[in-house]
Amino acid sequence: MRESKVKKRVRADEIVTRLRNLYPDSKCSLNYKSAHELLVATILSAQCTDHRVNIVTNDLFQKYRTPTDFAYCSVTVLAKDIHSCGYHNQKAKSIQGTSLKIVEEHDGNVPDKMDELIMLPGVGRKTANCILGEFYKVPSMVIDTHMVRIMGLLKFTKTKDAKKIELDLIEIFEKKDWVNLTHMIIDHGRAVCIARRPQCSECVLTDLCQSSLAI
Ligand code: SF4
């Protein structure tokens, strides 16, 4: 039977409450001290673990201290510096290109608007939402692989398209929960609702999840 939007919202609210109880310390696991550092770390995190990114940025942010340092660096040297994050040539090009645009067109400041962020080289909606929500505290939702999978399992969306999922979810979840929702879902995806072997019998969402294998 089709679930009404009102019922979906009630279910979403209860899911947030339970996840918050389970993961009270959920937060972004990338280390950064500025919007630009967060932007660089987020670009590096594509297809790479946050743990690895933090190891790399620990040295990287000592060597490149400002957006200008990245903007006028050698892309070849930068690619070597970030090699262990994978896709290093592409990521180096994105980081240098994005930093150059920030320095030359935004006075060295990372923009705080979606339409400006997505004009930066290598910055898509996911990265832009991360900067907006995490650094500028603008209600935004990052749709990563855990969000795609788990929101599908919870039947809050039928698509795998990140932008469409974002539009589905902002209708259901309360604005105040958007930023933290992604962090809690990532924690849940790692600990319980693991890809290919979800631990439904141990999941606090079992009675709220239409895909549960435990009911
Ligand atoms: S009940 Fe199972 S499928 Fe649903 S969220 Fe929990 S672990 Fe995932």
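**Figure 1. Surroundings of Met 151 in the predicted model.** Apart from residues within four places in sequence, Met 151 of this predicted model is in contact with Phe 156, Thr 157, Ile 165 and Leu 169. Met 151 also belongs to the largest nonpolar core, to which helix 9 (145-153) and helix 10 each contribute at least two residues.

**Figure 2. The largest nonpolar core.** The core comprises 46 residues, of which Val 40, Leu 44, Ile 131 and Met 151 touch the most other members. At least two core residues come from each of helix 1 (5-22), helix 2, helix 3, helix 6, helix 8, helix 9 (145-153), helix 10 and helix 11. Helix 2 supplies the largest share, namely six residues. Because domain 1 (5-26 + 141-208) and domain 2 (35-135) both give residues to this core, the core lies between them. As a general background, nonpolar side chains in soluble globular proteins tend to be buried together.

**Figure 3. Contact between the two domains.** The domain assignment divides the protein chain into domain 1 (5-26 + 141-208) and domain 2 (35-135). Their C-alpha centres are 27 Å apart. Across the boundary, eight residues of domain 1 are in contact with six residues of domain 2. On the side of domain 1 that touches domain 2, the elements giving two or more residues are helix 10 (162-172) and helix 11. The residues on that side of domain 1 divide into six nonpolar, no polar and two charged.

**Figure 4. Helix 8 and its covering.** Helix 8 (residues 125-135) is mostly covered, with eight of its 11 residues buried. The buried residues are Thr 127, Ala 128, Asn 129, Cys 130, Ile 131, Leu 132, Gly 133 and Glu 134. Among these, Ile 131 is also one of the residues that touch the most other members of the largest nonpolar core. The covering of the buried residues includes helix 2, helix 7 and helix 11 (178-191). After helix 8 comes Lys 137, which has a positive phi near 60°.

**Figure 5. Gln 47 and its contacts.** Gln 47 is placed in the loop between helix 2 (35-44) and helix 3 (50-63). Gln 47 counts as exposed because it has 9 C-beta neighbours inside 10 Å, and the limit for an exposed residue is 12 or fewer. Excluding residues up to four places away in sequence, Gln 47 touches Gly 86 and Tyr 87. Between Gln 47 and Asp 161 there are 18 Å in space, C-alpha to C-alpha, and a separation of 114 residues in sequence.

**Figure 6. Two loop residues with positive phi.** Tyr 87, a contact of Gln 47, lies in the loop between helix 5 (75-81) and helix 6 (88-105). Although Tyr 87 is not a glycine, its phi is positive, at about 45°. Tyr 87 counts as partly exposed because it has 15 C-beta neighbours inside 10 Å, a number between the limits of 12 or fewer for exposed residues and 20 or more for buried residues. Asp 107 is found in the loop between helix 6 and helix 7 (114-117). The phi of Asp 107, likewise a residue other than glycine, is positive and near 55°. With 8 C-beta neighbours inside 10 Å, Asp 107 counts as exposed.

**Figure 7. The shell around the ligand.** The ligand is surrounded by 13 residues, and the closest are Cys 193, Pro 198, Cys 200, Cys 203 and Cys 209. By residue class, the shell divides into nine nonpolar, four polar and no charged.

**Figure 8. The protein chain as the setting for the close-up views.** The chain contains 11 helices and zero strands, giving the pattern α-α-α-α-α-α-α-α-α-α-α along the sequence. Its radius of gyration is 19 Å, close to the 17 Å from the globule rule for 215 residues, so the protein chain is as compact as a globular protein of that length. Taken along the principal axes, the box filled by the C-alpha atoms is roughly 55 × 30 × 30 Å. Of the 215 residues in the protein chain, 34% are buried. Among contacts between residues at least 6 apart in sequence, 55% join residues at least 24 apart.

Definitions and conventions:
Residues are numbered from 1 along each chain as its sequence is written. This is a predicted model: local features need pLDDT of at least 70, side-chain atom pairs count only at pLDDT 80 or more; totals for chains, interfaces and linings use all residues. Helices (H or I, at least four residues) and strands (E, at least two) are DSSP runs, numbered from the N terminus. A residue is near a molecule or strand if its C-beta atom, placed from the backbone, lies within 6 Å of it. Ala, Val, Leu, Ile, Met, Phe, Trp, Tyr, Cys and Pro count as nonpolar, Asp, Glu, Lys and Arg as charged, and the others, Gly among them, as polar. The radius of gyration is taken over C-alpha atoms; the globule rule is 2.2 Å times the number of residues to the power 0.38. Two residues are in contact if their C-beta atoms, placed from the backbone, lie within 7 Å. Domain bounds come from an automatic or database domain assignment. A nonpolar core is a set of buried Ala, Val, Leu, Ile, Met, Phe, Trp, Tyr and Cys residues joined through C-beta atoms within 7 Å.
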